[in-house]
Amino acid sequence: MKLFIKNMVCGRCISAVENIFSEADIKVKSIRLGEVELESEISENHLLAIEKQLEETGFERIKDSSHQLIEKIKNLIILKITEQDIDENFLLSEFLTSKLHKDYSSLSKLFSQNENITLEQFFILQKIEKVKELLLYNEFTLTEIAGKLGYKSVQHLSSQFKNSTGFTPTEFKKLKIHNRKPLDSL
């Protein structure tokens, strides 16, 4: 039995969801971002209890197939950005098409209709949040960050950053309040 879970965006989310199933004494076959595969079917009562626990922890079971697909898209994008190994010639359309084996235009249309943002805008917002994180850690130069996240130049990154945040990366680093957004709220 497979369950699809909304708002799983990191390793800690996987641990939190895993704990919910463990505490309910439900055996999990595998777990990854947005998806839990159980070893066997569970009763409707167990399912309702799990859904309640998930909601109390900030997650949500996704029942509808189009929302499951949207969550898969989000998780693929988040994972790709987390890897910090995006080639400057990276194409989101080719990436999603190869991973999901679906036509990009239909994926894009479905995403936009349900999320009120385009796939490209979502991808940019996720990258900007990663740039904020990396700037705060102060481990990499802006040039290195640009290279890790697929920007063709520091100027391109800076321009996109300013359009999204209203600040240049340098101005952002100097701020006392760093205004980062949780990945599941983008």
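Which helix does Y137 lie in? Y137 belongs to helix α6, helices (H or I, at least four residues) and strands (E, at least two) being DSSP runs numbered from the N terminus.

1. Basis of the note. The model is predicted, so that local features need pLDDT of at least 70 and side-chain atom pairs count only at pLDDT 80 or more, whereas totals for chains, interfaces and linings use all residues. Residues are numbered from 1 along each chain as its sequence is written, and side-chain values use heavy atoms, with hydrogens and water left out.

2. Residue Y137. Y137 is partly exposed, with a relative accessible area of 46%; buried means under 20% relative accessible area, exposed over 50%, and partly exposed in between (1.4 Å probe, protein chains only). The C-alpha atoms of Y137 and K173 are separated by 9.9 Å, although these residues stand 36 apart along the chain.

3. The sheet. Four strands make up an open sheet, ordered β2-β3-β1-β4, with antiparallel pairing; two strands pair if DSSP finds at least two bridges between them. The edge positions are taken by β2 (28–32) and β4 (60–62), each of which has a single partner strand, so one side of each is left without a neighbour in the sheet. From one strand to the next, the twist averages 30°.

4. Strand pairs. Strand β1 (residues 2–6) and strand β3 (residues 35–38) run antiparallel and are joined by three bridges. K2 stands opposite E37 in β3. Four bridges connect β2 with β3, again in the antiparallel sense, and I31 has V36 of β3 as its bridge partner. β2 and β3 form a hairpin with two residues between them; in the turn, G34 has a positive phi of about 80°.

5. Axes are lines fitted to C-alpha atoms, for helices over the stretch in contact, and angles run from 0 to 180 degrees between N-to-C directions. Helix α3 lies across β1, β3 and β4 and runs at about 65° to β1.

6. Packing of α5 with α6. Two packed helices are described by the angle between their axes and the distance between the axes. For helix α5 (residues 104–115) and helix α6 (residues 119–137), the axes come within 9 Å and cross at roughly 75°. This makes α5 roughly perpendicular to α6; angles under 35 degrees count as roughly parallel, over 145 as roughly antiparallel, 65 to 115 as roughly perpendicular and the rest as oblique. Y104, L107, S108 and F111 of α5 meet L119, E120 and F122 of α6. By class, the residues of this contact are five nonpolar, one polar and one charged. Ala, Val, Leu, Ile, Met, Phe, Trp, Tyr, Cys and Pro count as nonpolar, Asp, Glu, Lys and Arg as charged, and the others, Gly among them, as polar.

7. Packing of α3 with α5. The axes of α3 and α5 are 10 Å apart, and the helices pack at an angle of about 100°. That makes α3 roughly perpendicular to α5. The contact involves S66, H67, L69, I70, I73 and K74 of α3 together with L107, L110, F111, N114 and E115 of α5. Six nonpolar, three polar and two charged residues take part.

8. Nonpolar cores. A nonpolar core is a set of buried Ala, Val, Leu, Ile, Met, Phe, Trp, Tyr and Cys residues joined through side-chain atoms within 4.5 Å. The largest has 31 residues, and I73, I77, L96 and L119 have the most contacts inside it. Elements giving two or more residues to this core are α3 (65–83), α4 (92–100), α5, α6, α7 (142–148) and α8 (154–165); α6 gives the most, with seven residues. Not counting residues up to four places away in sequence, L119 touches I73, I77, L92, L96, Y104, L107, S108 and F111. A second, separate core has 19 residues, including I5, V9, C13 and L47.

9. Positive phi outside glycine. D25, in the loop between α1 and β2, has a phi near 60°, a positive value in a residue other than glycine. D25 is exposed, with a relative accessible area of 64%. H101, in the loop between α4 and α5, has a positive phi near 55° and is likewise a residue other than glycine. H101 is exposed, with a relative accessible area of 69%.

Conventions:
Contact means heavy atoms within 4.5 Å.
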